[in-house]
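Please read the points below alongside the model.

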Protein chains: 4
Amino acid sequence: MQFLSDNAAPVHPKLWEAMRAADAPDTPYDTDALSRELDARFSAMFGRECAALWVATGTAANCLALATMVDPHGGVVCHEEAHIEMDECGAPGFYLHGAKLLLASGAGAKLTAGSITEVLSGITRGVHQVPAQAVSITQASEYGLCYAPDELAAIGALAKEHGLGLHMDGARFGNACAFLDMSPAEVAGPVDALSFGFVKNGGMGAEAMILFDTEKADMIRFRRKRAGHLQSKGRFLAAQIHAMLDDDLWLENARAANEAAAIIAQAAGERLVYPAQINELFVTMSAEERAAVRAQGFSFYDWDDTCVRLVTHWATDHDHARALGKAIASL
Amino acid sequence: MQFLSDNAAPVHPKLWEAMRAADAPDTPYDTDALSRELDARFSAMFGRECAALWVATGTAANCLALATMVDPHGGVVCHEEAHIEMDECGAPGFYLHGAKLLLASGAGAKLTAGSITEVLSGITRGVHQVPAQAVSITQASEYGLCYAPDELAAIGALAKEHGLGLHMDGARFGNACAFLDMSPAEVAGPVDALSFGFVKNGGMGAEAMILFDTEKADMIRFRRKRAGHLQSKGRFLAAQIHAMLDDDLWLENARAANEAAAIIAQAAGERLVYPAQINELFVTMSAEERAAVRAQGFSFYDWDDTCVRLVTHWATDHDHARALGKAIASL
Amino acid sequence: MQFLSDNAAPVHPKLWEAMRAADAPDTPYDTDALSRELDARFSAMFGRECAALWVATGTAANCLALATMVDPHGGVVCHEEAHIEMDECGAPGFYLHGAKLLLASGAGAKLTAGSITEVLSGITRGVHQVPAQAVSITQASEYGLCYAPDELAAIGALAKEHGLGLHMDGARFGNACAFLDMSPAEVAGPVDALSFGFVKNGGMGAEAMILFDTEKADMIRFRRKRAGHLQSKGRFLAAQIHAMLDDDLWLENARAANEAAAIIAQAAGERLVYPAQINELFVTMSAEERAAVRAQGFSFYDWDDTCVRLVTHWATDHDHARALGKAIASL
Amino acid sequence: MQFLSDNAAPVHPKLWEAMRAADAPDTPYDTDALSRELDARFSAMFGRECAALWVATGTAANCLALATMVDPHGGVVCHEEAHIEMDECGAPGFYLHGAKLLLASGAGAKLTAGSITEVLSGITRGVHQVPAQAVSITQASEYGLCYAPDELAAIGALAKEHGLGLHMDGARFGNACAFLDMSPAEVAGPVDALSFGFVKNGGMGAEAMILFDTEKADMIRFRRKRAGHLQSKGRFLAAQIHAMLDDDLWLENARAANEAAAIIAQAAGERLVYPAQINELFVTMSAEERAAVRAQGFSFYDWDDTCVRLVTHWATDHDHARALGKAIASL
């Protein structure tokens, strides 16, 4: 019973169907019919014009999106535990040609207008310091916490005031929508670019990079090619995304994942380090307790000395979740 | 009847099967069983130790491989019509951090020891010039021509003499093996790194980057992640490659593609700009002739004012090839 | 008697005076009074608003200036024998983060609207190719030839039509002004950025980067710092430039250099490979002839098998020039 | 009476003499006699073979030196208040092509083996994190504190154990030597590369980059050119450095600066935030007190709300120092 990562989840059957259906001759790269429909489809979803480009990974989506906002000599304010800071092997430094991540703090890996302001207020010495040009937030955060609309609005206003771009890493954007029970537009808030993740939510290898600043889209199309991310059979990536959007499969999957986590969370009670919102839980456990739970056939990730990380996904068997909850409750 | 590109070919059924079979829980990124077996499998194929890493595109494979050989201040000798020079939107400049392509000439887009030497002999002014650090050749070339073992040996000896790395872009490596009727080891010759292409040969989105300098493999694993090319569900890329290697499917597919081209080539006769070796043909045609052929339902790429490019692939219907041959013959 | 390079020339006494005079406490970097006056001074010289930043070398000036025009995925059309292509060790690739030089041909290392158009017309395949974003010309060219105002106007119009920035490498801009006998504004023509060289013209280590797109100046101030080119005692660079501008010393020096070259040119007659315009001459000479001339105490650079390069400078003794002319004439 | 920065100090008369003496024809770039002698001269000074290259700024020296140790995907452990982190506008990101600074803490802006180990111990997740490849320390630190030989030895041993390069930013290396009263070799300790600063110590625009890993020197010569830091009249930079080394002028200047600071320090007493070691003092002062001191004609930098920074230099008038000391004592 695997609670290690939503990356290990299977691909949803509807995506397999869609990919097989796309296995007919079409023009290469992103000139096929499916790829060309993405802009319109996401524009409708978000209720404002956007360009939507597929890429294979969230790292590529995040970094290419940030390239619409940040010069090589610029900086991106992000949380000190953000994925782009901690887990992407310096990809922002590569894609942004040496631009710098300017680290802010914040409970639960969430930025606040206050913590961003604190970083900005330290940038006072002109050309001797890297100027901030963008803010990057993660919806939901590394600790599975969601930004509420008013929090997004405050950050958006601050970004606008300072002339900063606003990027959202939405690796688990669907899970945030499911928790907040709001539209994608509300959950994205005033962002300029969004990495809309599908791989952790039942996809195989396709994420959508949503650029609301459509004038920058052409530039990013060049950058995507230059980064070797313009797959020649891009129709298979587009097909995955379309299948995800059809009948809101992405939302259905995210809800299923969240529900599985909620089952565990209820059992975990006081052990939860952060409120249970999406499909990631951080649960206090001693080394002995971990061993005891693992002995019952559960696998999960040791986050640090104090807690473990439990991740559910669209296909997590709710019986397994209940069993894990029971195992935790009886510790 | 489509002769535009082998990128437009369908995915081979055995790859679909393999991907479906891989849709079981395993560890993410390249830690799954299938990914971990690639080194051994390609080492056996080439009869010398190598590291084999999957990536989604040939551009990524080429550029990451070159990063094992070339410093940011260095240069890569390549043909002036090489894919890395003409068709990758400056990807080598991105991946190699500003390193330079040093352009050599050569009939049929093939380098020779002589044309490489000519480039090298112009580099005489110390730190004022970009030093050559690698040679990149394409097997088969942009014009569908293969390097024979003695040609490879001569280039390899020259590279060694000058301390240069040797890279091979093998986007159509399988087709070269099929034409030369030699083992992959013979067709690769003394290269240090090979981009072994599968996407044009029945794959969906997986190429193999083969590093014979295995000490550099760890570095490239970091670079792959940093470039956003370490897909979290990498098992699906590995599965495609394994399926290609099983029973030499790659070779079977390449042979089928070459044979379809041979049918057309025989009909094209004197119109062939280059000898027909693999699945790419360059055929002299006037604007009127092109229109006449297209009117019969054939699609293809206008290479330039004098000739068109015809590309076959593993699934090209040989009847279509015969029909196209007939259409050309009757011009 | 040295005709190797104008880089080997002494520093003009007035610059020594100016530097000594600047050796009083002032604020560091470019906040001193002398540095702050440069914008106004060059704006007056060119009759249009500009920002003027000092840097130590022409390479830095060229590359930082190009950074106002070219994205990392973009390209710069330049002559295939331009200094930025041939002699700067790939500096444009470094400063422009992998951007590409798109090489054009042209007699005497001069671009023409025609040769630029030829390069542009080859860029037709969208994201697969590096898009041109700027044109860089050298006034005077690597072969000592000047662009006339109508030539500049034609190139400028073409650049404007295609939305390209226009950069001028003016390592010997003063010599061009002296030859053309026109104002700096006329000799610069419709450029967006000019590297105005002083080091070859009696300076020690200060060039002026002139940005007519003043909105980009702030960005370049960051880039200069980031490149380690914001010297803390920048007042000494500013002092050199002011001394050069005082009483048009730059023009006086350039005229002296050109005149010394003219003396030699007259004697060289038919041996001149290019018309003598500035302080660089390319003179046909066999190996035996070179030896004979060198035996008389003259040093110079072997350009290639057919000719030598002779360079004069502000301090070249005209008697030495006459002696060299005589030596050549008597070959 | 200026205590703002040692960057504002005048150039030492002996350097002017040396530069004037260098104003004779010689070969350009770093091929002149003075430049060629630097390797031998610093090798003798440090008692071990090294390559010594001039550059105009400490930023260039630091970043080029780090390029001998760090790959584009690598990281440099440095103090969170180090100059390369705080004051160089992201220059390491530029010169190292996106490599990352990995921030460690430590009192007085000094690293310890412990604080470095803490950073290293957080790097456990393979390719998902930037690997540490070098450590950079500042001698003396941003707060004017020197590393003692045993501290250097401990850091050196740790670096060696982990296969990390060791770089020393020696912007005030002379002042550290003067304080520690030890040889340059002892004060540098087991570093692989040292930026030996002269500009703050009476120079005009020349720093020495000392590479003890001499095999890397050739690479850095290319990189220096590529960064536009190979000045064509490099003999003037070499001349400054030679003049500094003659009769240990650098040490004499550093001692004079330290002594001036010591005068003030004695008067400041309990107000010193850090022990007074070199020519930088951090002195607790309220806003009213600052105003009172400034009213007496002293200028200095407001470090933060609690303290000011006072910097002396080789030419600081000791009477002025006494006056400042008196002003502080009487607050």
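**Notes on the predicted model**

1. D:Gln240 sits in helix α12 of chain D, residues 235-245; helices (H or I, at least four residues) and strands (E, at least two) are DSSP runs, numbered from the N terminus. The model is predicted: local features need pLDDT of at least 70, side-chain atom pairs count only at pLDDT 80 or more, and totals for chains, interfaces and linings use all residues. Residues are numbered from 1 along each chain as its sequence is written, chains are lettered from A and ligands numbered from 1 in the order in which they are written, and side-chain values use heavy atoms, with hydrogens and water left out.

2. D:Gln240 has a relative accessible area of 3% and is therefore buried (buried means under 20% relative accessible area, exposed over 50%, partly exposed in between; 1.4 Å probe, protein chains only). A polar atom of its side chain lies 2.9 Å from the backbone nitrogen of D:Met204, and the D:Gln240 side chain also reaches the backbone nitrogen of D:Gly205 at 2.9 Å. Leaving aside neighbours within four places in sequence, D:Gln240 is in contact (heavy atoms within 4.5 Å) with D:Leu15, D:Met19, D:Gly203, D:Met204, D:Gly205 and D:Ala206.

3. C:Gly163 is placed in the loop between α8 (149-161) and β5 (165-170) of chain C. Its relative accessibility is 61%, so C:Gly163 counts as exposed. C:Ala132 is 31 residues away from C:Gly163 in sequence, while the C-alpha to C-alpha distance is 9.1 Å.

4. The largest nonpolar core has 133 residues; such a core is a set of buried Ala, Val, Leu, Ile, Met, Phe, Trp, Tyr and Cys residues joined through side-chain atoms within 4.5 Å. Among the residues with the most contacts inside it are C:Phe42, C:Phe46, D:Phe42 and D:Ile210. Not counting residues up to four places away in sequence, C:Phe46 touches C:Phe173, C:Pro184, C:Ala185, C:Ala188, C:Leu194, C:Phe196, C:Ile210 and C:Phe212. Another core, of 132 residues, lies apart from it and includes A:Val135, A:Ala140, A:Val187 and B:Trp54.

5. How many salt bridges does a search of the whole structure find over all chains? The total is 68, a salt bridge being a side-chain nitrogen of Lys or Arg within 4 Å of a carboxyl oxygen of Asp or Glu. One of them joins the side chains of A:Asp30 and A:Arg224 at 2.7 Å, N to O. A:Asp30 lies in the loop between α1 and α2 (33-36) of chain A and A:Arg224 in helix α11, so the pair ties together parts 194 residues apart in sequence. A:Asp30 counts as buried at 18% relative accessibility, as does A:Arg224 at 1%.

6. A:Arg294 and A:Asp302 form a salt bridge with closest N and O atoms 3.3 Å apart. A:Arg294 is partly exposed at 30% relative accessibility, and A:Asp302 is partly exposed at 35%. Salt bridges that share partners join A:Asp30, A:Asp39, A:Asp218, A:Arg221 and A:Arg224 into one network.

7. Chain A and chain B bury about 3700 Å² between them, 59% of it on carbon and sulfur atoms; buried area is the accessible area (1.4 Å probe) that two parts lose on being put together, summed over both. A:Trp16, A:Phe94 and A:Lys233 supply 21% of the area that chain A buries there, more than any other three residues. Each chain contributes 44 residues to the contact. Zero salt bridges are found across this interface, against 27 residue pairs in polar contact, both at pLDDT 80 or more. A polar contact is a pair of N or O atoms within 3.5 Å; within protein, one must be able to donate a hydrogen and the other to accept it, and residues adjacent in sequence count only if both atoms are side-chain atoms.

8. Chain C superposes on chain A by a rotation of 180° with 0.0 Å of shift along its axis, RMSD 0.0 Å (least squares on the C-alpha atoms of residues with pLDDT of at least 70 in both). The two copies are thus related as by a two-fold rotation axis. Their contact takes 19 residues from chain C and 19 residues from chain A, burying about 1600 Å², 70% of it from carbon and sulfur atoms.
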